[in-house]
Amino acid sequence: MLTVFGFSVVVLVGWMMIQLLVTAMPAIQRFGPAFLWTSRWDPVHNVFGALTFAYGTVASSLLALVLAVPVSLGVAIFLAEIAPVGVSTVLSFVIELLASIPSVILGLWGIFVMAPFLRKVVEPALQGVLGWLPLFSGPMYGIGLLAGGMILAIMLLPIVSSVSREVLKAVPLSQREAAYALGATRWEVIRTAVLPYARTGIIGAVILGLGRALGETLAVTMVIGNRPQIATSVFQPAYTIAAALANEFSEATTGIYISALIELAAVLFVISLIVNAIARWLVWRVGATPTAMSGA
Amino acid sequence: MIAAPAVGGTRRVTDRVMTWLTASAVLIAMAPLASVLIYVTLQGASALNWDFFTQLPKPVGELGGGMANAISGSLTLILLASCLGLPVGILGGLYLAELGNGSLGWWIRFTADVLNGVPSIVVGVFVYTLVVVPMKRFSAIAGGVALGIMMAPLVMRTTEELVRLVPNSLREASLALGIPWWITTLKVVLRTAAVGIVTGVVLAVARIGGETAPLLFTAFNNQYWQTRLDQPIASLTVQLYNYAIAPYDDWHRQAWAAALVLMSITLLLNIAARLVSRPRLMARRPR
């Protein structure tokens with residue numbers, strides 16, 4: 001009897017997959033695999049291609065990882081290896097609170113606090129120093145790919161750092177003792193004995209964060225600018241798959257339009273399944289137990 | 001902690017520099033949190049008033065009004081989600097902890113974690129095709145189903161974690177008295193783990209209470225009091241989202257007020273739940 005309830009999640013995931021694919025079928029049949037690499041998204045003429053959305057999703061997620069991973073790792077190392085236990089407990093608790101702030105509130109803060117800050121301070125500074133790169137050229141709006149990446153980075157930080165911290169804690173003490181016995185400094189112990197041992201799990205934590213970033217919807221929708229384009233500059237607006245779903249779904253009128261949106265959702269679903277499965281597998285292999293409380 | 005050995009030169013400098021770099025990472029990580037807390041509190045406090053809790057939203061152009069319907073709507077949605085998510089989550093978690101040591105348990109645990117990571121907007125699309133399309137309208141039921149699906153794997157994994165903490169001697173004592181396995185599980189094991197399970201449920205409620213994406217095209221929104229579950233229903237998060245992206249200053253003020261209410265509830269639930277559960281969870285962890 002209990003088995004039925006446990007098994008229901010497996011049924012649910014299978015059902016989601018089938019349901020999404022079946023309802024996306026009209027679009028899948030009409031556009032074929034080219035749906036993934038054509039960029040024209042034109043509801044008026046019923047022509048749909050996902051490339052600009054896929055680009056925005058991937059670009060904002062990668063940007064978020066670039067920004068969040070070094071900081072998260074620093075946090076994880078500090079909390080697991082350096083800070084005294086009491087301080088570490090309190091600080092990890094505070095940082096995990098960041099994960100509990102609803103996405104829509106971060107988005108509100110993003111629109112009214114972060115975006116103006118980016119426009120007035122960060123983006124002019126970046127352009128001043130690195131303006132010769134196409135990446136940091138053009139007009140500065142505040143909202144855009146950079147803002148999307150920043151807000152995602154903020155959302156990833158608590159997840160990546162708490163899972164990495166758990167992984168670091170699972171490294172056996174003997175590893176550290178051996179390195180100390182050879183006369184290593186604390187940083188050398190971390191670099192040569194702890195991090196290599198925990199590498200698989202840390203990669204898992206990062207991929208877990210990536211999975212979160214790919215599907216994150218509202219905060220990104222509110223600050224990324226929502227223009228389907230592939231621009232060279234991170235100051236320019238972009239659009240993600242999740243944002244397209246949030247904005248267009250309730251407005252979609254024709255059957256093929258809805259079907260194309262559902263195909264987008266199916267793409268996102270498959271990617272998130274793959275990414276999450278890899279991440280879980282890597283984190284589990286290290287032996288840390290990711291729980292619903294600390295991990296996801 | 002083990003004292004660092006006395007070494008000189010660049011090695012010691014590197015050690016110091018890296019220590020400070022990791023410490024500054026913690027500061028960088030706290031900066032956005034502090035900024036969000038401060039802004040939401042300041043902006044929200046100046047916008048929050050009694051009307052917010054008692055009035056319906058006013059049409060565009062009229063000042064004032066509140067989000068009373070959205071508050072009751074959010075509560076309704078959480079209640080509906082709980083009806084679906086709690087039984088599946090708690091009983092599924094009980095299965096994982098008591099019986100799920102084989103390969104089926106592994107797969108269920110794995111799927112639950114993967115389902116936990118599925119983007120909430122995809123859950124929304126799924127429920128749209130499942131409930132909204134056949135019913136031909138957005139509804140509170142659809143919103144509740146979407147949130148319930150998100151709740152189940154969360155509750156399942158926390159329940160498992162906490163049921164595993166129940167000492168075996170309790171089960172053995174009950175079984176030794178000739179009490180059947182299923183009564184032992186429900187009355188002894190579940191009751192012993194109850195406080196912890198409630199904690200997990202509180203965390204799950206805090207999480208789904210802050211969800212917006214899956215509600216956009218399931219529960220949709222509603223400017224009035226809702227009386228029926230097969231009609232669109234307002235929620236605090238969707239209302240907050242709509243007000244935040246609208247071009248009116250008065251709506252922005254209300255959005256900040258909504259953010260303050262939502263954030264206070266979420267943070268309080270999280271802090272309370274974690275304070276209660278932490279020692280229990282720590283007990284089982286190695287080191």
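**The nonpolar patch and its setting**

Modeller: In this predicted model, B:Leu99, B:Leu175, B:Trp181, B:Trp182 and B:Leu186 together make a nonpolar surface patch of about 490 Å². Helix α8 of chain B, residues 181–192, supplies the largest share of the patch, namely three residues. B:Leu186 lies in this helix α8 of chain B. B:Leu186 counts as partly exposed because its relative accessibility is 38%, which falls between the cut-offs of 20% for buried and 50% for exposed.

The C-alpha trace of chain B spans about 70 × 65 × 35 Å along its principal axes. Chain B has 287 residues, and 55% of them count as buried. The accessible surface of chain B amounts to about 12600 Å², with 68% belonging to carbon and sulfur atoms. Among the contacts in chain B between residues at least 6 apart in sequence, 74% join residues at least 24 apart.

B:Ser139 is located in the loop between α5 and α6 of chain B. With a relative accessibility of 0%, B:Ser139 is therefore classed as buried. Its side chain reaches the backbone nitrogen of B:Ala142 at 3.2 Å. Beyond its neighbours within four places in sequence, B:Ser139 is in contact with B:Thr218, B:Ala219, B:Leu229, B:Asp230, B:Gln231 and B:Pro232.

The contact with the partner chain remains to be described. Chain B contributes 90 residues to it and chain A contributes 85 residues. Between them the two chains bury about 8100 Å², 79% of it on carbon and sulfur atoms. The polar part of the interface comprises nine residue pairs in polar contact, both residues being at pLDDT 80 or more. Three salt bridges are found across the interface of chain B and chain A. A salt bridge joins A:Glu188 to B:Arg11, with the closest N and O atoms 2.7 Å apart. On the side of chain B that touches chain A, the elements giving two or more residues are α1 (9–47), α3 (68–98), α4 (103–117), α5 (120–135), α6 (140–163), α9 (194–209), α10 (236–245) and α11 (249–284) of chain B. Of these, α1(B) gives the most, with 18 residues.

Methods
Residues numbered from 1 in each chain as written. Chains lettered and ligands numbered in written order. Heavy atoms only, no water. Patch = residues over 30% accessible without salt bridge, like charges linked within 9 Å, V, L, I, M, F, W, Y side chains within 5 Å. Areas by Shrake-Rupley, 256 points an atom, 1.4 Å probe, with all protein chains shown as cover. Salt bridge = Lys/Arg side-chain N within 4 Å of Asp/Glu carboxyl O. Helix = DSSP H or I, 4+ residues; strand = E, 2+ residues; numbered from the N terminus. Buried < 20%, exposed > 50% of the residue type's maximum accessible area, 1.4 Å probe, protein only. Contact = heavy atoms within 4.5 Å. Buried area = accessible area lost by both parts, 1.4 Å probe. Polar contact = N/O pair within 3.5 Å; in protein donor to acceptor, adjacent residues only side chain to side chain.
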